[in-house]
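Okay, thanks for coming, everyone. I've got one structure to walk you through today, so let me put it up.

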Amino acid sequence: MSAHGLILANVDGDRTWRLQDYMARGGYSALKKILAEKIPPETIIAELKASSLRGRGGAGFPTGLKWSFMPRSFPGAKYVVCNSDEGEPGTFKDRDILRYNPHTVIEGMTIAAYAMGCERGYNYIHGEIFEIYQRFEEALAEARAAGLLGQNILGSDFSFDLFAHHGYGAYICGEETALLESIEGKKGQPRFKPPFPASYGLFGKPTTINNTETFASVPFIVNMGGEGFLNLGKPNNGGTKLFSVSGHVNRPGNYEVNMGTPFAELLEMAGGMRGGRKLKAVIPGGSSAPVLPGNIMMDCTLDYDSISRAGSMLGSGAVIVMDETTCMVKALERLSYFYFEESCGQCTPCREGTGWLYRVVHRIENGLGRPDDLDLLNSVTGNIMGRTICALGDAASMPVQSFVKHFGDEFAYHIEHKKCLVPPQVQYEGSQIYVRPSC
């Protein structure tokens, strides 16, 4: 882990996840301030709107606006839910937040519950990181024992309790309504929308769902003010952002930087390109985001608007870096297989289409490509996108479209010559030398 900034600042010490250590860093001061001063919920939501905090899970929806959708006057139960189902290839930031600084998520969710009038919340944690689930449970126990969760928190008239829910590793449960279905004990499949969770969510009650990093940002906004948080970034892109950098860099890890930081600076923080090789391509927002050629990415800043103008998405902030030795056909084959395997099967275009995409790319990679395969890939993606209940179909299609668009020459070479355009070559992996096999 490598970090600076807000959420992962000062968490390199021993047992930083403990309540005592968190409070020594100023933890729970935002919640104490709200309860002591009886700050009106609408004031908190207004500060969130001023901060330009946007959802850190991928969609980038304005958080303050999302919280304002919650019907506070609703007479029954209302829920706040954290989406910690981090299952997309390239993503590993949320588990580090829960590993090293879980109390900032608890505090953020408690503030959210206060602002939206909720008395119960759930954190849905990805099933393949069970040790993180256990650590969050320990943090919850600490918070309850200290009177920071439960009835009449810190002697106030505000009550809220929070529970961890362990998933089972299904990627589809990262979709918010499939997540709700899973918490309810049902098969994790997306719901038709509308109705949206704000009106009909968990157990049929109004529910607000945000990402782990989003909730972790809330205490800082309360303490420093919406404008102060905004000024760390740029207009419409407030605050800091965690980026999970993986691939062909010298120091893979999580890096927290101000929104609007040039990509070149992030690459330098990650130690630059491994082996001094040239940058070939970058997936800037997790495997579902369209790939960008290296020269385009080097001109981008790390914010939603800049990446969007370049033709991709900031997404979850999972930056996958590929050097000049990467076979783009092989890379796409692996991504296509992932989405084929993870489709829940509810929608025909996705269930059948993801299989088509994988099989076509697989045969191109294995020397069986046909002259019309690139047109076929574009046709299949066009018949998937926008025709499914959730966005998994789009997530499977966008990488295919972008790989073919930007690196079509490699695909065409595979089809015509039945082999890879990137020649086998000697690579240095630390002190070990190995030969990159031909595709």
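When I say helix, I mean a DSSP run of H or I that is at least four residues long, and the numbering goes from the N terminus. Also, keep in mind that this is a predicted model.

With that in hand, let's start at G386. You'll find G386 in the loop that links helix 16 (373–384) to helix 17 (392–417). Is G386 buried or exposed? Exposed: G386 has a relative accessible area of 69%, and the cut-off for that label is over 50%. If you look for P349, it sits 37 residues from G386 in sequence, and the two C-alphas are 9.6 Å apart in space.

Now over to S217, which is part of helix 9 (residues 212–224). S217 has 1% relative accessibility, so it counts as buried; buried means under 20%. And which residues does S217 touch, leaving out those up to four places away in sequence? That would be I7, L53 and F229.

Last stop, helix 8, residues 176–183. Seven of its eight residues are buried, so helix 8 is largely enclosed by the rest of the structure. The buried ones are T177, A178, L179, L180, E181, S182 and I183. What covers them? The cover includes four strands: strand 1 (79–84), strand 2 (120–125), strand 3 (161–166) and strand 4 (207–211). Then, just past the end of helix 8, there's G185, with a positive phi of about 90 degrees.

Okay, that's my tour. Happy to go back to any of those spots.

How values were computed. Residues are numbered from 1 along each chain as its sequence is written. This is a predicted model: local features need pLDDT of at least 70, side-chain atom pairs count only at pLDDT 80 or more; totals for chains, interfaces and linings use all residues. Side-chain values use heavy atoms; hydrogens and water are left out. Helices (H or I, at least four residues) and strands (E, at least two) are DSSP runs, numbered from the N terminus. Buried means under 20% relative accessible area, exposed over 50%, partly exposed in between (1.4 Å probe, protein chains only). Contact means heavy atoms within 4.5 Å.
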